[in-house]
Amino acid sequence: MIQATRHAEMEAVDVLLELWQKRGLSMPEVSERFSRCKLYVTCEPCIMCAAALSILGINEVCYGCANEKFGGCGSILSLHSSSFEPSTSDGGRVSQGKGFRSTGGIMASEAIKLLQCFYEQGNPNGMRFIGFICSTYLISASQL
């Protein structure tokens, strides 16, 4: 079930994980499949999503408008451009980020209009400024 409060990137990842789990893929097979995926989102992934996508080893992310408040692909941090080793609050370690290709500004004005339209019509009490909410997604990979 898709939830409107979740970031589109996490929804897309969950769709693939569920599909690949049903097919009985092993963790190395899942990792290899993520390495061939390209993710399309309306808005630049936030820092949290960019870090998660890097850890998953996604191949490429394409987005419309920049995320000037929370962007993880260049607007605030550039988590896509290099590997990093995140840690947990208790000092533990998690998998190292692999980095991924990132292309922004694809139909940026249309992406902004799409988000503005959504919030004006879908949430009359919502904020009028957008640019930090992740919206639609599509993942493509050969041999999903």
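Predicted model: local features only at pLDDT ≥ 70, side-chain atom pairs only at ≥ 80, totals over all residues.
1. Next, the overall layout. The protein chain contains four helices and four strands, and their order along the sequence is α-α-β-α-β-β-α-β.

2. Now look inside. The largest nonpolar core holds 18 residues, and Phe 34, Leu 39, Leu 53, Ile 58, Val 61 and Phe 100 have the most contacts within it. Two or more core residues come from each of H1 (8–22), H2 (27–34), S1 (38–43), H3 (47–56) and S2 (60–65). Helix H1 gives the largest share, four residues.

3. Which residues does Val 61 touch, leaving aside those up to four places away in sequence? They are Leu 39, Val 41, Pro 45, Leu 53, Phe 100, Arg 101, Ser 102 and Thr 103.

4. A pair of packed helices is described by the angle and the distance between their axes. Here the axes of H1 and H2 come within 11 Å and cross at roughly 140°. The crossing of H1 past H2 is right-handed. On the H1 side, Val 13, Leu 16, Leu 17 and Trp 20 meet Val 30, Arg 33 and Phe 34 of H2.

5. Finally, the chain as a whole. Among its contacts with a separation of 6 or more, 59% join residues 24 or more positions apart. The accessible surface is about 8,300 Å², with 56% belonging to carbon and sulfur atoms.

Conventions
Residues numbered from 1 in each chain as written. Heavy atoms only, no water. Core = buried A, V, L, I, M, F, W, Y, C linked by side-chain atoms within 4.5 Å. Buried < 20%, exposed > 50% of the residue type's maximum accessible area, 1.4 Å probe, protein only. Contact = heavy atoms within 4.5 Å. Areas by Shrake-Rupley, 256 points an atom, 1.4 Å probe, with all protein chains shown as cover. Axes fitted to C-alpha atoms, helices over the stretch in contact; angles between N-to-C directions. Left-handed = near helix turned anticlockwise from the far one by under 90°.
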